[in-house]
Amino acid sequence: VERLRLTRKLNMNIFLAQLIESTNDTWGVDLFEVDALSNHRPLTHVALHLFKQRNILKQFQIRELTFFKFISAIEAKYRNNPYHNNIHATDVLQASHHMLNFSVFKNVFTELEVFAALFAAAVHDVDHPGVTNQYLINTNSDLAILYNDESVLENHHVTLAFQTLSTEGCDVLSTLNRKQHQMFRKMVISVVLATDMSKHIQHIGHLKTMVEIRRLSSSASSIIDPENAEDKLQILQSLVHCSDLSNPLKPLNLYLQWTDRIMEEFFRQGDLEKSLNLEVSPLCDRENSNICKSQMGFIDYVVHPLWEIWSRLTQPDCQPIMDILESNRVWIASQVLTEDDKHDG
Ligand SMILES: O[C@@H](CN1CCOCC1)Cn1nccc1-c1ccc(OC(F)F)c(OC2CCCC2)c1
Ligand SMILES: [Zn+2]
């Protein structure tokens, strides 16, 4: 029996190693599987692997143990929400890593910019309480008071991330010089704050401008000017925001798990609102929800408008991912019909 147990353990570790290896260049890795096989430490496993694969630790002389301590401390500060948890952070990190490899970004970003973008993705929802900014504002929460109702969650995530650096043995930025540290901090703050859904429309505006300018100045061979720091920062903000809203562009079995999770998280907020005699927020009433219809709306009015312009900027590498969005939408639409019948039934 003991030999069987050890053999099974060995096979699980081999399977885990193969899954982690696939995060290098695969869109749609099953991170729920990585979570199950890694003793619920997907972020630490995947972040360490990707930062080493990109040679970031060597480039900035960061000790592997220091990075391990930092990312473990961050992972431990993600709460066990149905959706906003360490698996979601790993998902956004891996999607950001994947899209940074798009050919349109070749020779565009510095190592420091890549480091800042992936760091921001990994920490972007740390200690998320599983409720929305609006809920925190409506309930006069300490966080809303602290951040004056402005990007309350996002301010909290980035502040906690930088505070974690001063935990014993966790300062992954200690080897950066003053200028690098200042630039890194500016980029991480702006990328994490840009994940606030209230900035969504601005992302679309900036991307449309960028695509238009590139289209008009046909001379620009490489679509993005590596000298333009402002443009590059906006692209990194949109890259992480797109990764944050990438669930509907993942293989259907993964997309459906994320949908179940976000709905359970919204429903728990609705339960809290009911118990506090507050008006139940949209989409948060578990007694009265149409999951497929709300996903159709999310895709048509939020996700597709953003990814349509993002894919124009990043063609042709985004096409396979847009194709998944299209096929998922067709499937959802087919379920709306049956879901209606169920309710009518
Ligand atoms: O809540 C969303 C923004 N709101 C803005 C107000 O209108 C409705 C949409 C984005 N967001 N923010 C945090 C998490 C998510 C979020 C992430 C994956 C979601 O669905 C699936 F892909 F898993 C998701 O779906 C909700 C329920 C149906 C429609 C939206 C939401
Ligand atoms: Zn997020």
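Student: Does E308 count as buried, partly exposed or exposed, and what is its relative accessibility?

Tutor: E308 counts as partly exposed, at 28% relative accessibility, where buried means under 20% relative accessible area, exposed means over 50%, and partly exposed lies in between (1.4 Å probe, protein chains only). Please keep in mind that this is a predicted model, in which local features need pLDDT of at least 70 and side-chain atom pairs count only at pLDDT 80 or more, while totals for chains, interfaces and linings use all residues. Residues are numbered from 1 along each chain as its sequence is written, chains are lettered from A and ligands numbered from 1 in the order in which they are written, and side-chain values use heavy atoms, with hydrogens and water left out.

Student: Which side chain does E308 meet in a salt bridge?

Tutor: The side chain of E308 meets that of R312 at 3.2 Å, N to O, a salt bridge being a side-chain nitrogen of Lys or Arg within 4 Å of a carboxyl oxygen of Asp or Glu. The two residues are 4 apart in helix α15, and therefore separated by about one helical turn; helices here are DSSP runs (H or I, at least four residues), numbered from the N terminus. R312 is partly exposed too, at 39% relative accessibility.

Student: Which residues do salt bridges with shared partners join into one network?

Tutor: That network consists of E264, R268, D271 and R286. Within it, R286 meets D271 at 2.8 Å, N to O, and R286 also meets E264 at 3.2 Å, N to O. Because R286 lies in the loop between α14 and α15 whereas E264 is in helix α14, the latter pair ties together parts that are 22 residues apart in sequence.

Student: How many salt bridges are there in the whole structure?

Tutor: A search of the whole structure finds 13.

Student: Switching topic, which residues are closest to ligand 1?

Tutor: The closest are N247, W258, T259, Q295 and F298, among 15 residues that surround ligand 1, counting a residue if one of its heavy atoms lies within 4 Å. Taken alone, ligand 1 exposes 610 Å², of which the protein buries 76%, with accessible areas coming from the Shrake-Rupley method with a 1.4 Å probe, and for residues only the protein chains shown counting as cover.

Student: And how many residues of α7 are buried?

Tutor: In α7, 12 of the 13 residues are buried, so this helix is largely enclosed by the rest of the structure. The buried residues include L112, E113 and V114.
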